[in-house]
Amino acid sequence: MAAALFLLCFVPFAAAAHDYGLALSKSLLFFEAQRSGFLPRNQRVTWRDHSGLHDGKASGVDLVGGYYDAGDNVKFGLPMAFTVTMMSWSILEYRTQLAAGGELGHAMDAVKWGTDYFIKAHTEPNVLYGEVGDGNSDHYCWQRPEDMTTDRRAYRIDPSNPGSDLAGETAAAMAAASLVFRHSNPAYANELLNHAYQLFDFADKYRGKYDSSITVAQKYYRSVSGYNDELLWAAAWLYQASNNQYYLKYLADNGDAMGGTGWSMTEFSWDVKYAGVQILVAKVTHN
């Protein structure tokens, strides 16, 4: 979901023959249309209403909020977290351009809608809820989220059922977002960073692929690349956000063994993060 927003920030709003400002505006409206939970009064996509208001209740947790995936009613944690990381990166790189286009506030709201949900989903230091709903039942029944009757079961990772890729990507999202809010909302930024620290430790200590624990995700968002790229990606963002040398050393000590130093990267996506890691590290080492 995030790739279009990130790429749109590379081009001038007034580029000839194409109204990229309008395209950027509509891409942010897409995220508002994908919102789950209690919608705010300033919701611009007014044909959407509150939905998913009991998410997590059967598991004794509050998982109301976050984003639905694509045009579906499932909340998949891995691509959602990657989307928030990329939106945060877009804001950090192109804050001035977004402000000039009148979209900075909307972009920051889009990030916060995701991170507010991740805070809820990270119920304990070593517990993270990574999916709400089931892709199979959801795809067999086309419904508006406001009218859902499909399974809203919640799925989690924990020390006995690890998911280093999911926890690592969510740590990256929290760390990147903490930079977005560092000046405007420092208390919130610190809260996000604390969650990022815990999630990285969880991901690194209890290693495993999340789709081996949340098996219902395999058909839709299988972690083909494994979790090494997410561990490096999270460490890179944590170093950016904290300037803590531990994370830079982690990258130096593990970059080669975890596959992050190759020259044949052909993909950057919700599944494969190595190219992003290389960009972030290059910016650090060449400053």
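Before going on, a word on what you're looking at. This is a predicted model, in which local features need pLDDT of at least 70 and side-chain atom pairs count only at pLDDT 80 or more, while totals for chains, interfaces and linings use all residues. Residues are numbered from 1 along each chain as its sequence is written, and side-chain values use heavy atoms, with hydrogens and water left out.

The stretch 20–285 comes from a record: UniProt, in an unreviewed entry, places the feature "domain: Glycoside hydrolase family" there. UniProt positions are in the numbering used here, feature names are shortened, and annotations may be inferred rather than shown by experiment.

Three of them form an open sheet in the order 1-2-3, with antiparallel pairing. Strand 1 (75–76) and strand 3 (154–157) stand at the edges with a single partner strand each, so one side of each has no neighbour in the sheet. Two strands count as paired if DSSP finds at least two bridges between them. Strands of a sheet pair through backbone hydrogen bonds, either parallel or antiparallel.

Strand 2 (residues 128–132) and strand 3 run antiparallel and are joined by four bridges. If you want to spot one, glutamate 131 has tyrosine 155 in strand 3 as its bridge partner. Helix 6 (residues 164–180) lies across strand 2 and strand 3, running at about 100 degrees to strand 2. (Axes are lines fitted to C-alpha atoms, for helices over the stretch in contact, and angles run from 0 to 180 degrees between N-to-C directions.)

Now find arginine 153, in the loop between helix 5 (135–140) and strand 3. Leaving out residues up to four places away in sequence, arginine 153 touches Glu131, Val132 and Gly133, where contact means heavy atoms within 4.5 Å. Its C-alpha atom is separated by 31 Å from that of leucine 232, 79 residues apart along the chain.

Grid points are joined across faces, edges and corners, and a volume is the space filled by probe spheres set on the points.

| Space | Volume | Top contributor to the lining |
|---|---|---|
| Largest pocket | about 290 Å³ | Helix 12, five residues |
| Largest cavity | about 40 Å³ | Helix 2, three residues |
| Second largest cavity | about 30 Å³ | Strand 2, three residues |

The largest pocket is lined by 15 residues, and Gly260, Thr261, Val277, Gln278 and Val281 lie nearest its centre. By class, that lining has eight nonpolar, seven polar and no charged residues. (Ala, Val, Leu, Ile, Met, Phe, Trp, Tyr, Cys and Pro count as nonpolar, Asp, Glu, Lys and Arg as charged, and the others, Gly among them, as polar.)

Helix 2 (20–33) and helix 4 (104–121) each supply at least two residues of the largest cavity's lining. Three charged residues are part of that lining, alongside four nonpolar and one polar.

Helix 4, strand 2 and helix 6 each give at least two residues to the lining of the second largest cavity. Among the residues there are Tyr117, Leu128 and Leu166.

Conventions
1 Å grid on protein atoms, 1.4 Å probe; cavity = no way out; pocket = protein on both sides within 12 Å on 5 of 7 lines; lining within 4 Å.
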